[in-house]
Amino acid sequence: MSEFQDLDHVFENWPFQPGVLSARLVRTANDREVVQMRIEMGVLQMELTGRPDGVRPEGMDTYLDYLLQESLNRQADFKLTEDECFEIDREFLQFYHRRICLMALREFRHAVDDADHTLALMDFARDHSPSEEWTVSHEQYRPFVNFHRIQSAAMAELQDDGPEAAIEEINRGVDRLREVFVAMEVEDRFEDDELVGQLVEMKETLRTEYQVGRTLAEQLTDAITAEQYERAAQLRDEIERRGKGH
C-alpha cells in the first residue's frame with residue numbers, strides 16, 4: 001500500500017467555493033480525458049464519453065442501452081422492477097452531474113448529447129413505469145432537462161455558426177418546450193414559466209450583444225402571418241440557399 005493515499009494536494013490546489021460550480025477537464029496517467037467536479041468534501045471524476053462512471057452495464061455503453069436490449073426479450077408492456085428503477089435513477093444522476101459540468105466548461109455539444117440521453121431514458125422510464133407516482137416524480141424534471149438542452153444547443157450554434165443561428169435554435173427549442181407543457185397538461189403555465197423566461201431573456205441578450213434583428217425564420221413567420229406570400233417565398237428561397245451553403 002502506498003504511504004500517501006490522501007487527496008490533500010488536490011484540495012489545497014483546488015479549493016471548494018460554496019455556490020460556485022467548479023469543473024475541469026484533466027488527462028489521466030493513461031491519457032484519458034476526464035471531467036472533474038469539485039464538491040464540498042471531495043472531487044467527482046467522470047468519463048467524458050459513455051457512462052460517466054465508466055461502468056458498462058451487462059457489457060453495454062449505458063444502462064439505457066441495456067434496457068433497450070432487454071426490452072426486446074420481454075412483452076411490450078412490461079413494467080420496470082424496483083432494482084431497474086434504482087439503476088435508472090443512478091444513471092439520471094450521473095448524467096446530470098456531467099451535463100452541468102460540461103455546460104460550465106463550454107463543452108456544449110457534449111452537453112447536448114448528455115441531455116438527449118437523459119430525455120431518451122426519461123421516455124423509456126415513462127413508457128415502462130411501475131406506477132403513476134413514479135412517473136410523475138420523474139416527468140416533473142422534463143422541462144428542466146429540455147431547458148439545459150436548449151441552452152447548450154444555442155451556445156453550440158453561437159460558437160459554430162453565429163448569433164442568428166443561436167437565436168433560431170432557441171426559437172425551435174422553445175417551440176419543443178411548449179409541446180412538453182402541452183403533453184404534461186400544464187400549457188397554461190408556459191408563458192409565465194421561469195425557465196421559458198430565462199430562454200427569452202437569453203435570446204434578447206444575444207440580439208442586443210450581437211446587434212441581430214429578426215432572423216430569416218422569424219421574418220418568414222411574420223410574412224406568413226401577414227399573408228405576404230411573395231415575401232414568404234423569397235425568404236424560403238434564402239433560407240434554403242443558406243442551408244445548402246452551410
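**Pockets and a patch in a predicted model**

Me: Which residues line the second largest pocket?
Reply: Asp 89, Phe 92, Leu 93, Tyr 96, Arg 99, Thr 118, Met 122, Ser 137, His 138, Tyr 141, Phe 144 and Val 145. This is a predicted model, where local features need pLDDT of at least 70, side-chain atom pairs count only at pLDDT 80 or more, and totals for chains, interfaces and linings use all residues. Residues are numbered from 1 along each chain as its sequence is written, and side-chain values use heavy atoms, without hydrogens and water.

Me: What makes a space a pocket, and what makes a residue part of its lining?
Reply: A 1 Å grid is laid over the protein atoms alone. A pocket is an open set of points with protein on both sides within 12 Å along at least five of seven lines; a cavity is a set where a 1.4 Å probe fits but cannot get out. Lining residues have an atom within 4 Å of a point.

Me: How much space lies in the second largest pocket?
Reply: About 260 Å³. The volume is the space filled by probe spheres set on the grid points, which are joined across faces, edges and corners.

Me: Which helix gives the most to that lining?
Reply: H3, with 5 residues. H3, H4 (108-127), H5 (132-139) and H6 (142-161) each supply at least two. Helices are DSSP runs of H or I, at least four residues, and strands are runs of E, at least two, numbered from the N terminus.

Me: How does the lining of the second largest pocket divide by class?
Reply: Into 7 nonpolar, 3 polar and 2 charged residues. Ala, Val, Leu, Ile, Met, Phe, Trp, Tyr, Cys and Pro count as nonpolar; Asp, Glu, Lys and Arg as charged; the others, Gly among them, as polar.

Me: Why is Tyr 96 called partly exposed?
Reply: Its relative accessible area is 31%. Buried means under 20%, exposed over 50%, and partly exposed in between, with a 1.4 Å probe and protein chains only. So Tyr 96 is partly exposed. Tyr 96 is found in helix H3 (residues 82-104).

Me: Which residues make the nonpolar surface patch?
Reply: Leu 93, Tyr 96, Tyr 141 and Phe 144, over about 370 Å².

Me: What is the volume of the largest pocket, and how many residues line it?
Reply: Its volume is about 300 Å³. The lining has 12 residues, with Glu 164, Ala 165, Glu 168, Arg 242 and Gly 243 nearest the centre. H7 gives the largest share, 4 residues. The lining holds 4 nonpolar, 3 polar and 5 charged residues.

Methods:
Patches are made of residues with over 30% relative accessible area and no salt bridge: like charges are joined within 9 Å, nonpolar side chains (Val, Leu, Ile, Met, Phe, Trp, Tyr) within 5 Å. Accessible areas come from the Shrake-Rupley method with a 1.4 Å probe; for residues, only the protein chains shown count as cover. A salt bridge is a side-chain nitrogen of Lys or Arg within 4 Å of a carboxyl oxygen of Asp or Glu.
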